[in-house]
Amino acid sequence: MKAVRVAHIIDNHSLVLNVGRSDGIETGQRFLVYGLSDDEITDPETGRSLGYLELVRGTGSVSYIQDEMCVITSDKPVPASTTAMVRAISGTVEYQPFTSPAVGDYAREI
């Protein structure tokens, strides 16, 4: 599969990825969305490159698919609180938004 990237930001809870039905994507597949740090990380003892730190933006599930793209919707529930518990009991679950997503961020299936 090609590198999966964020192609468009719909809102804080929905992102478009550059993969779709023609890439084998199916409804419900989950993805971790992340950016990379600006600075390369090196081992302090050897000086060897460790690469770039992955900055996690959030997770999402495929909610809509086209041939060449798909929409993922945030699927990480808001931490439990009294209000969240009431919503969960009533059947309504609130999800955390993605954190500072950017076009070009990476995604990988989880």
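Where is Asp23 found? Asp23 is in the loop between strand E2 (14-17) and strand E3 (30-42); strands here are DSSP runs of type E of at least two residues, and helices are runs of H or I of at least four, numbered from the N terminus. Please note that this is a predicted model, in which local features need pLDDT of at least 70 and side-chain atom pairs count only at pLDDT 80 or more, while totals for chains, interfaces and linings use all residues. Residues are numbered from 1 along each chain as its sequence is written, and side-chain values use heavy atoms, with hydrogens and water left out.

Asp23 counts as partly exposed because its relative accessibility is 24%; buried means under 20% relative accessible area, exposed over 50%, and partly exposed in between, with a 1.4 Å probe and protein chains only.

I turn now to the rings. Rings of Phe, Tyr and Trp (its six-membered ring) pair if their centres lie within 6.5 Å; planes under 30 degrees apart count as stacked, over 60 as edge-to-face and the rest as tilted. The count by this rule is 1 aromatic pair. Tyr34 and Tyr106 form this stacked pair, at 5.7 Å centre to centre and 20° between the planes. The pair links distant parts of the chain, 72 residues apart, with Tyr34 in strand E3 and Tyr106 in strand E6 (residues 106-109). Tyr34 counts as buried because its relative accessibility is 11%, whereas Tyr106, at 26%, counts as partly exposed.

Finally, the charges. Arg5 lies over the face of Tyr106, 4.0 Å from the ring centre, and Arg108 lies over the face of Tyr34, at 4.9 Å; the criterion is NZ of Lys or CZ of Arg within 6 Å of the ring centre and within 35 degrees of the ring normal.
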